[in-house]
Amino acid sequence: MLRDRLTLVVHSCDKFSDLWDAHFYLLNKNWKNRNMTTYLVTDKKTEKKYENVQIISTGETAELSERTGEMLNYINTEYVLITLDDYFPIYEIDAEAIENILDKMDEHRLDYVRLFKRPNSNDKIPGTD
């Protein structure tokens with residue numbers, strides 16, 4: 001089950017908080033069966049609240065690397081799916097496909113994968129397209 005294996009982290013900061021409503025609306029719409037802990041990691045405290053999302057505010061002067069370091073204190077899963085506030089999930093997300101990727105990572109002892117094409121790369125997880 002994804003809840004036991006994967007944590008979703010959305011990186012942002014207060015100056016991009018105008019993206020959050022749309023991002024989490026689309027996330028909840030297109031990943032309805034998202035059964036995992038989800039964090040929004042930002043700098044400043046906010047009054048905003050989103051369904052199935054916990055907000056971590058790391059401090060107004062915290063840079064992305066510092067926010068990432070603080071966020072790691074909250075992670076209790078082997079894997080972390082990191083995304084950004086402006087990567088809008090406009091298509092339905094298949095939880096089973098994500099689970100299969102984690103299985104392949106376990107099988108091939110991988111500690112990092114990208115979920116989008118990288119130019120000039122032929123590195124692929126064996127058994128995937």
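## Basis of the report

The model is predicted, so local features need pLDDT of at least 70 and side-chain atom pairs count only at pLDDT 80 or more, while totals for chains, interfaces and linings use all residues. Residues are numbered from 1 along each chain as its sequence is written, and side-chain values use heavy atoms, with hydrogens and water left out.

## Overall architecture

The protein chain contains four helices and four strands. Helices (H or I, at least four residues) and strands (E, at least two) are DSSP runs, numbered from the N terminus. Along the sequence, the order of these elements is α-β-α-β-β-α-β-α.

Of the 129 residues in the protein chain, 35% are buried. Here, buried means under 20% relative accessible area, exposed means over 50%, and partly exposed lies in between (1.4 Å probe, protein chains only).

Together, E1, helix H2 (residues 20-30) and E2 make a right-handed β-α-β unit. A crossover is right-handed if, with the strands pointing away from the viewer, the path from the first strand over the helix to the second runs clockwise.

## The nonpolar core and a surface patch

In soluble globular proteins, nonpolar side chains tend to be buried together. A nonpolar core is a set of buried Ala, Val, Leu, Ile, Met, Phe, Trp, Tyr and Cys residues joined through side-chain atoms within 4.5 Å. The largest such core has 18 residues, of which Leu2, Leu6, Phe24 and Trp31 touch the most other members. E1, H2, E4 and H4 each supply at least two residues of this core. H4 gives the most, with four residues.

Some nonpolar residues lie on the surface instead: Phe88, Ile90 and Tyr91 form a patch with about 340 Å² of accessible area together. Patches are made of residues with over 30% relative accessible area and no salt bridge; like charges are joined within 9 Å, and nonpolar side chains (Val, Leu, Ile, Met, Phe, Trp, Tyr) within 5 Å. Accessible areas come from the Shrake-Rupley method with a 1.4 Å probe, and for residues only the protein chains shown count as cover. Phenylalanine 88 lies in the loop between strand E4 (79-84) and helix H4 (95-107), and its relative accessible area of 32% makes it partly exposed.

## Salt bridges

Side chains of opposite charge can pair when their charged atoms come close. A salt bridge is a side-chain nitrogen of Lys or Arg within 4 Å of a carboxyl oxygen of Asp or Glu, and the count comes to six. Aspartate 103 is partly exposed at 36% relative accessible area, whereas arginine 5 is buried at 15%. Both residues belong to a network of salt bridges that links Arg5, Glu99, Asp103 and Asp106.

Lysine 48 forms a salt bridge with aspartate 21, with the closest N and O atoms 3.5 Å apart. This pair also links distant parts of the chain: lysine 48 is in the loop between E2 and E3, and aspartate 21 is in helix H2, 27 residues away. Glutamate 107 and lysine 104 meet in a salt bridge at 3.9 Å, N to O; both lie in helix H4, three residues apart, about one turn of the helix.

## Backbone features

Most residues other than glycine have a negative phi. Asparagine 52, in the loop between E2 and E3, has a positive phi of about 60 degrees although it is not a glycine. Arginine 109, in the segment after H4, has a positive phi of about 55 degrees and is exposed, with a relative accessible area of 77%.
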